[in-house]
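Here is a short report on one structure.

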Amino acid sequence: MIRTILSQVKQYALASVVTPLWMIGEMIMEMLIPIMMANIIDRGISAGDMSAVMKYGFCMILMAALGLLCGVMGAVFGARASTGLACNLRDAMYLNIQKFSFSNIDKYSTAGLVTRMTTDVTNVQNAYQMVLRICFRAPVTLVTALFMAFSINARLSSVFLVAVAVLAVALLLIMSRTIGLFQMGFRKYDDLNEEVEEDVTAIRTVKAFVREEYVNNSFKRAADNIYSLFVKAELGLAFNAPIMMICIYGCILSLSWMGAKMIVSDELTTGQLTSLFSYVLSIMMSLMMLSMIFVMITMSLASARRVSEIINEEPSMKDPEDPVTVVKDGSVDFEKVSFAYQKGSGNNVLSDVSFHADSGESIGIIGPTGSSKSSLVALISRLYDVTEGSVKVGGTDVRDYSMKALRSRVSVVLQNNVLFSGTVLENLRWGNPGATEEECREACRIACADEFIDKMEDGYETHIEQGGTNVSGGQRQRLCIARALVGKPAVLILDDSTSAVDTATDQKIREGFSQRIPGTTTFIIAQRLSSVKNCDRIMLLEEGRISDIGSHDELMERCAVYREIYESQTAGSGDFDIV
Amino acid sequence: MSEKVREVKMGGPRGRMLGPRPKLKDPGAIVKRLLKLVLQHYSLNLVLVFICTIVAALANVRGTLFLRTLIDDYITPLAETAANGGTPDFAPLLSAIGFIAVIYVIGAAASFLNQVLMVFVGQGTMRNIRKMMFSHMQTLPISYFDTHSHGDIMSMYTNDVDTLRQTIGMAMPQLLNSLVSVTATFVSMLMLDVPLTVLSCVMVFLTMVLSTRLAKVSSRYYVAQQSDLGSLNGYIEEHLSGQKVVKVFCREEACISEFRERNDRLRDSANRGNRYANMLGPITMQMGNVSFAVVAVAGAALSINGFTGLTIGTLVSFMTLNKSFNMPISQISTQFNSIIMSLAGADRIFRLMDEKPETDEGYVTLVNSREGEDGECRECPEHTGHWAWKHPHQSDGTVSYVPLAGKVTLDDVDFGYTDDRMVLHNIKMYAKPGQKIAFVGSTGAGKTTITNLINRFYDIQDGKIRYDDININKIKKADLRRSLGIVLQDTHLFRGTVMDNIRFGKLDATDEECIAAARLANADGFIRRLPQGYDTLLSHDGGNLSQGQRQLLAIARAAVADPPVLILDEATSSIDTHTERLVQEGMDRIMSGRTTFVIAHRLSTVKNSDCIMVLENGRIIERGTHDELIAGKGRYYQLYTGNAIAS
């Protein structure tokens, strides 16, 4: 985990190395300055020597200036290294998320990913800066002070060793107890985040059912959970300070007692005891700093783990070694395909699906709610990998293509589709960044989106809000279809993409497909039989199996279920949708 | 420094309607408000913290003094006794050490207690603020949520509240601690020598001037950092929630480069902010050293030349005090930034809390009712399946009960989301109790908007909406909404089991009621096929449930609520027509005698309605039954025939 984090230091390695050096420089000045102070007092003031006061005073100011230089440089490089690391961490996370397959994406909530990329990275950044600026300094101080103490009187100084050992054990105990709590606490942060996200996105439902109080209570639970976990964790850390104080005070008292005895028996001078006391203070300060870093690291370890989890998440789908980059044509083959969202769960949503679609053919897919229509088409552009069997596009297994090649030729209009903030044109060019405006307009004409875009005040430059909230559901769907068409795909998949479009427009869009892009294989999932009736073939899915496939007329003749659906939609005196 | 801080821009929400970024104005008021919040629940804790801090500081001072007396009063006499051949008596030393040990233990205990108390104060205040924010957010009008980015709202609950911990948990106690020791030192210094104290103060003042200037520079960058963080946060939130679309269009590289641009900007502002903040420590520390040297030279000049009564001994003591005078000052100055950052956070939090809640001047409430023997409608506590509007009349103090019938009238209603652009014009509508009213029309014609007005998600600009002849403005919003069941096209499921999600419609529904509702909505079948049936946990976006399955759940949720009036807004658009028919039959059964509003573009959904309204560009252009509209040969007929010809 730590290695994952450190491997992202990269171009900030120099700054990371230099920072502690400057800080050590500052520390040296810090150690020399008290000597100057003592000199000013002992040799200057006490001796009544004005010139000595001036001399040491000047030296001290010079050292202060040097210390300042070191401190400032440490500040500059420390900031550069830590913010640079944070930047690289975010970059690495985002880069890896971009490699995530759909099943990786399903694993994490958006809210959780956002927390990891902001709050958690900030925690790591702060800890790293602390480590660079203090971590090296404190042990150096500690070791130097211990060394000096031992050189004065080894027997007496062994007290320090006892204290340091006790402290180390105590700190380790505290750490092992609290780190788990912090880890849990940060997971609760995800819950809190999700609670808020849920409420904000579903506010209409909440208000419509007058469930403000209910949601409020569940938020309160999330807030209470965080509270109780963090209180527990921080209470653990609260032991830090008193344990340390007790160690230091213990040192001072035993030094006083043992020192006194040794002075009396002439084994130690008074001056040496005084110096030992001053080293106690140095040791105390450095231990204090260490424990501060220790707290920071404890808190940030949980964050570091969450960050590295994302960086190390293995994308469940990878391009093959030697990928095929050209999709020959739009033919699609399913060969004995079975599929489950969780591999090995045995919970197959598709079982033993086989069919062949010619290039340019149009296939309609109907079936009751939950019959895995969407799962079936998701396999064509390899959004998920099959559990058994194989899916071929243009005669080649989809797993042999580079994903980019495959997906740019197989366009899916997802059921739950989103537009992004930006102009209409920018959104359209998602389908093909190099598309000319004319190509975009043509796509809009086929998708029947041109009529309302032209009516908008700024036309193709109209700004779309996040999630496309400023266009209606039907308009959003038509824009999404147009966006998919801009890429001039070989295979086009519409997953219930015209459900909010009125029937006449729906009809027009389908006519557009057959007239203007006849070479494109189209898969149309729909609820309305009218949407698929004119397809070359219609596939009827039931509980993850193809129960029949054929033209409308064939199915009417031989398939009872199809006939029933047809009749249910046309029953009575004839239904608009179907006639 | 307050003047300059006022100019500091802060990273406010990037809300679409907020315009220029707000500035952090009047930090004093924010601090006051924050303190008030802390004191509200933790005044006792803070008093104890105050006492503990003083005790700990005093114990510390006493401990330091002991080191000075140890040698002079105990060790030196002992050594002399030993040197003179006497037997040194260690007992007084032992008791002195024992005494000071007690002092130390008290000091350690006080600082431990301090820490413990502050944990509760810090975490407790954070929890309270979160809860306050959330309950307040619940009362805000829909338009607030329309105009604020979700990522930004989320970040208030985590990032902004977290910055408060820094201030409450660390900066405040440290300030207090520093204040105590600075005061103690200052008094001691004054007692020793006034001119040197003045000189020390001048040096401290210079340090303060320098460090506040630096703090201002860094806080400017910190504020920039918060805003860059916000922009990055927004980008991540938007594009990760649409990550599947990104994948489908192979837009990974484009997204990465857009992301990098924001990421680099954040790095640069964070780098600058941290750089200047880091400099504060060394600068104040070295200024302290310079101060020491300057005071030493000046003091030496004074005492050696004998201008004042300053003795060398006093000067030596004074120099020690000078050292401990500078230390806390430099500690305080390093806290400036965190304080400024958390004030910026607090400001954002307070701005949320100051948002005006939905106005609800309604006083008519919905109650369960029973028909009395005299045929009058009476209020009763239990659920009877009958409701009545309890209408207190302010003029004469009487209360009248109007049975809830489900009559909804719209009278010349105009509406626009903003005042300058109307989306609905002159809407007139009359729904008799028990009728099924349908709205059809092309997308964007204003169908959904009408239902949003009936439940008062938005308030109308002109005209009147009446419910059972009561102006809906007079009805308490919660009761109005309780009387309307709504199934929206965009279904939102909540984290929890399937059962929990259905029960959302009626919190005290039994499992049987929920299952019955699911059967009615035809959702029972697929639910039973889920891995854990009704106990299957759903994530907040519904996981692997298909759009149609989610709609069935939403309908079950509305069915269990058993509302007097039902609004179905494209509620069955993703459900296959066969299932839809079954669902509809079920719904028709429970809604018989109750009013239903149906919005659909699928004409089969609306055909059997009592009245169909055809909307176009925010106006009702036709109305009537299916047969009447066909006979009228208008827009509806056109849709019908256009469709027919196309097939």
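## A first pair

Which side chain meets that of Lys318(A) in a salt bridge? The partner is Glu314(A), at 2.6 Å from N to O. A salt bridge here is a side-chain nitrogen of Lys or Arg within 4 Å of a carboxyl oxygen of Asp or Glu. Lys318(A) is exposed, and Glu314(A) is exposed as well. Exposed means over 50% relative accessible area, buried means under 20%, and partly exposed lies in between (1.4 Å probe, protein chains only).

## How to read the model

This is a predicted model, in which local features need pLDDT of at least 70 and side-chain atom pairs count only at pLDDT 80 or more, while totals for chains, interfaces and linings use all residues. Residues are numbered from 1 along each chain as its sequence is written, chains are lettered from A and ligands numbered from 1 in the order in which they are written, and side-chain values use heavy atoms, leaving out hydrogens and water.

Over all chains, the structure holds 50 salt bridges. One of them joins the side chains of Glu442(A) and Arg516(A), at 3.2 Å from N to O. This pair links distant parts of the chain, 74 residues apart. Glu442(A) sits in helix α15 (residues 437-446) of chain A, and Arg516(A) in helix α18 (residues 503-516) of chain A. Helices are DSSP runs (H or I, at least four residues), numbered from the N terminus. Glu442(A) is partly exposed, at 27% relative accessible area. Arg516(A) is partly exposed too, at 43%.

In chain B, Asp264(B) and Arg267(B) form a salt bridge through their side chains (3.8 Å, N to O). Both lie in helix α8 (residues 252-305) of chain B, 3 residues apart, about one turn of the helix. Asp264(B) counts as partly exposed, at 30%. Arg267(B) is buried, at 18%. Elsewhere, a network of salt bridges links Asp191(A), Glu194(A), Glu195(A), Glu198(A) and Arg495(B).

## The nonpolar cores

A nonpolar core is a set of buried Ala, Val, Leu, Ile, Met, Phe, Trp, Tyr and Cys residues joined through side-chain atoms within 4.5 Å. The largest has 122 residues. Phe334(A), Leu376(A), Val393(A), Leu428(A) and Phe523(A) touch the most other members. Helix α3 (residues 50-99) of chain A gives the largest share of this core, 9 residues. Apart from it lies another core, of 101 residues, including Ala202(A), Ile30(B), Val161(B) and Ile486(B).

Terms used:
Helices (H or I, at least four residues) and strands (E, at least two) are DSSP runs, numbered from the N terminus.
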